[in-house]
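Subject: Structure handover

Hello,

Here is the structure I said I would pass on. My notes on it follow below.

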Amino acid sequence: GIAFTPGGVGAESAVEASTLLQRAEMAMLAAKARTESIQIYRPSMGEVYRRRFQLVTQFRQAVEQGRIIVHYQPKVDLGHRELVGVEALVRWMHPEFGLVSPAEFVEAIEATGSIDILLEHVLDSVLAQLWQWRNAGLHITASVNLSVHNLLAADFPATVATALRSEEHTSELQ
């Protein structure tokens, strides 16, 4: 796509060339994201891409600090009125941005390879919770949302098998 920055040459003469290039790149990325051929740079674009950059660079630390958590939405058999399972929903409580939508941070980390870290973290969390529930006598299933990147990865089956075999969860499988 074509990217434009507002103002003529005279209006932008006080701005460094590197700043103009960054703005043009932001406009180009916005154009590609919207599949448009032309996009004009707006200052708000800078905030969007700065936020995205922060999410990408802070993700691993957020996992280590326990800020990426899993909530469980019940799945109920209405005919029998009984709990049959749960859906695992990942959430990020960011210290600056508050609750960050999974749609936002998953999209941000997919291209970086950190999506694999998210999958491993979620699988470990869900399996640990299932193990606790089964020890308490509650036998239910859990479903986990996956990224297309996860499904297309050649090592996806091995990743799931490793999570299932981990020491922490072996008693669940017996």
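Glutamine 73 sits in strand β3. Please keep in mind throughout that this is a predicted model.

Is glutamine 73 buried, exposed or partly exposed? Its relative accessibility is 41%, so glutamine 73 counts as partly exposed, the class between under 20% and over 50%. Setting aside neighbours within four places in sequence, glutamine 73 is in contact with Gly85, Val86, Glu87 and Leu89. Alanine 88 is 15 residues from glutamine 73 along the chain, and the two C-alpha atoms are 6.6 Å apart.

Strand β3 covers residues 68-77 and strand β4 covers residues 82-94; the two run antiparallel and are joined by 10 bridges.

β3 and β4 make a hairpin, with 4 residues between them. Arginine 81 is in the loop that links β3 and β4. Its phi is positive, at about 55 degrees, although arginine 81 is not a glycine. With a relative accessible area of 76%, which is over 50%, arginine 81 is therefore exposed.

Strand β4 also has a part in the second largest pocket, where it is one of the elements that give two or more residues to the lining. The volume of the second largest pocket is about 220 Å³. A total of 14 residues line this pocket, and those nearest its centre are Val90, Val106, Leu118, Asn145 and Leu146. Besides β4, the elements that give two or more residues to this lining are α4 (102-110) and α5 (114-135). Which element gives the largest share of the lining? That is α5, with 4 residues. Sorted by class, the lining of the second largest pocket consists of 11 nonpolar residues and 3 polar residues, with no charged ones.

Helix α5 also holds glutamate 120. Glutamate 120 has a relative accessibility of 42% and so counts as partly exposed. How far apart in space are glutamate 120 and alanine 163? From C-alpha to C-alpha the distance is 7.3 Å, while in sequence the two are 43 residues apart.

Glutamate 120 comes up again in the contacts of threonine 159. Threonine 159 belongs to helix α7, residues 156-165. When neighbours within four places in sequence are left aside, threonine 159 is in contact with Leu119, Glu120 and Leu123. At 16% relative accessibility, which is under 20%, threonine 159 counts as buried.

Last, some totals for the protein chain. The chain has 8 helices and 6 strands. Read from the N terminus, the order of elements is β-α-α-β-α-β-β-β-α-α-β-α-α-α. Of the 174 residues in the chain, 28% are buried. Taking contacts between residues at least 6 apart in sequence, 56% join residues at least 24 apart. The chain exposes about 11,000 Å², and 57% of that is supplied by carbon and sulfur atoms.

Regards

Definitions and conventions: Residues are numbered from 1 along each chain as its sequence is written. This is a predicted model: local features need pLDDT of at least 70, side-chain atom pairs count only at pLDDT 80 or more; totals for chains, interfaces and linings use all residues. Side-chain values use heavy atoms; hydrogens and water are left out. Two strands pair if DSSP finds at least two bridges between them. On a 1 Å grid over the protein atoms alone, a cavity is a set of points where a 1.4 Å probe fits but cannot get out, and a pocket is an open set with protein on both sides within 12 Å along at least five of seven lines; lining residues have an atom within 4 Å of a point. Grid points are joined across faces, edges and corners, and a volume is the space filled by probe spheres set on the points. Ala, Val, Leu, Ile, Met, Phe, Trp, Tyr, Cys and Pro count as nonpolar, Asp, Glu, Lys and Arg as charged, and the others, Gly among them, as polar. Buried means under 20% relative accessible area, exposed over 50%, partly exposed in between (1.4 Å probe, protein chains only). Contact means heavy atoms within 4.5 Å. Accessible areas come from the Shrake-Rupley method with a 1.4 Å probe; for residues, only the protein chains shown count as cover.
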